[in-house]
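Hi there,

Here is the structure I promised to pass on to you. Please have a look at it first, and then read on for my notes.

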Amino acid sequence: MSKLSVFLRSAAVLLRPAASTSQARARLHTGPQQEHKTFYEFRTYSIHPHQNAAFLKLTNEKIHLRTAHSELIGYWTVEYGGLNQVFHIWKYESYSQRAAVRAALAQDPTWISDYISKALPMLTSQDNEVTYLVPWSRLHKPPKEGGVYELASYQMRPGGPAVWGSAFQAAVCARDAPGYGKLLGAFHSEFGALNQVHALWWYESADHRAEVRHKAHDDARVVAAVRNSVTHLDTQRNRLMHPCLFSPMN
């Protein structure tokens, strides 16, 4: 074998790790960059059981002090999937806007004296998560007043939307069809647990939601889409929620 041939074969071997590295990076890539600055903050508050009614009454009376600073998307009490909890979604156009809102609230004496000083002792914990709408989803209003809401949360395996995005979309959209619930928005996490996605659904009632679940189990189209998606899934959780009287989604 000529010295040139040996050199070329050796060079090819040396180049293989670079190709493997490139493939590994592709597998770890989380998908395209976020196109929009708008994000949604998910907040969950747990309330002392004996203070639940008092907290909701106070919030109903004073929420206008908070919504004067930024947009409230929805505010719910959790019926199943978390006792004595409220869940709410706030919209921000940028992180600088949120920082300005938080700074303004901290300097608002009425907000602090009339709400925060009274509400905080009623809570046992607070949690928040920053989410974006997934690229194929838009935020919708419920088709009519009333009804119940379900927040279905899925902890996907590491890899990001480049790995599981299409399967998740197919599974969700298979049920966003006539005769099923209404998808109001699909979100992916930015801060909080990573590789987490959420689907916010609306149903006419809890019984309607139960009927939809039974129907989905017999729908080959839905079953196939879900089966493909669960290969990327670690855990899932759902909460059935009722809108508060002051919730924009009501």
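The salt bridges come to nine in this predicted model, where a salt bridge is a side-chain nitrogen of Lys or Arg within 4 Å of a carboxyl oxygen of Asp or Glu. Glu41 pairs with Arg43, and their closest N and O atoms are 3.1 Å apart. Both Glu41 and Arg43 are buried (buried means under 20% relative accessible area, exposed over 50%, and partly exposed in between, with a 1.4 Å probe and protein chains only). Glu41 and Arg43 also belong to a network of salt bridges that takes in Arg98.

Another bridge joins the side chains of Glu61 and Lys57, at 2.7 Å from N to O. These two residues are four apart in helix H2, about one turn of the helix (helices, H or I of at least four residues, and strands, E of at least two, are DSSP runs numbered from the N terminus). Lys57 counts as exposed because its relative accessibility is 53%, while Glu61, at 38%, is partly exposed. Asp219 and Arg221 form a bridge as well, with 3.4 Å between the closest N and O atoms. Here Asp219 is buried at 18% relative accessible area, and Arg221 is partly exposed at 42%.

Before I go on, a word on conventions. Residues are numbered from 1 along each chain as its sequence is written, and side-chain values use heavy atoms, with hydrogens and water left out. Since this is a predicted model, local features need pLDDT of at least 70 and side-chain atom pairs count only at pLDDT 80 or more, whereas totals for chains, interfaces and linings use all residues.

On to the interior. In soluble globular proteins, nonpolar side chains tend to be buried together. A nonpolar core here is a set of buried Ala, Val, Leu, Ile, Met, Phe, Trp, Tyr and Cys residues joined through side-chain atoms within 4.5 Å. Which members of the largest core touch the most others? They are Phe55, Tyr75 and Tyr115, out of 23 residues. The elements that give this core two or more residues are strands S1 (39-47), S2 (71-80), S3 (85-92) and S4 (123-133), together with helices H2 (52-67), H3 (95-106) and H4 (109-119). H2 supplies the largest share, four residues. There is also a second, separate core of 22 residues, and Ala174, Ala186, Ala199 and Tyr203 are among them.

Two or more lining residues come from each of strands S5 (148-156), S7 (196-203) and S8 (233-243) and helices H5 (161-175), H6 (206-217) and H7 (220-230). By class, 14 of the lining residues are nonpolar, five polar and five charged (Ala, Val, Leu, Ile, Met, Phe, Trp, Tyr, Cys and Pro count as nonpolar, Asp, Glu, Lys and Arg as charged, and the others, Gly among them, as polar).

- Trp201 lies in strand S7 and is buried, with a relative accessible area of 2%. Its C-alpha atom is 8.7 Å from that of Pro142, 59 residues away along the chain.
- Lys118 sits in helix H4 and is partly exposed at 45%. Lys118 and Leu58 are 60 residues apart in sequence, but 8.4 Å apart from C-alpha to C-alpha.
- Asn84, in the loop between S2 and S3, has a positive phi near 55°.
- Asn195, in the loop between strand S6 (182-191) and S7, has a positive phi near 60°.

Finally, how many disulfides does the structure hold? The count is zero, a disulfide being a pair of cysteine sulfur atoms within 2.5 Å. Cys173 is partly exposed at 32% relative accessible area, whereas Cys244 is buried at 8%.

Best wishes
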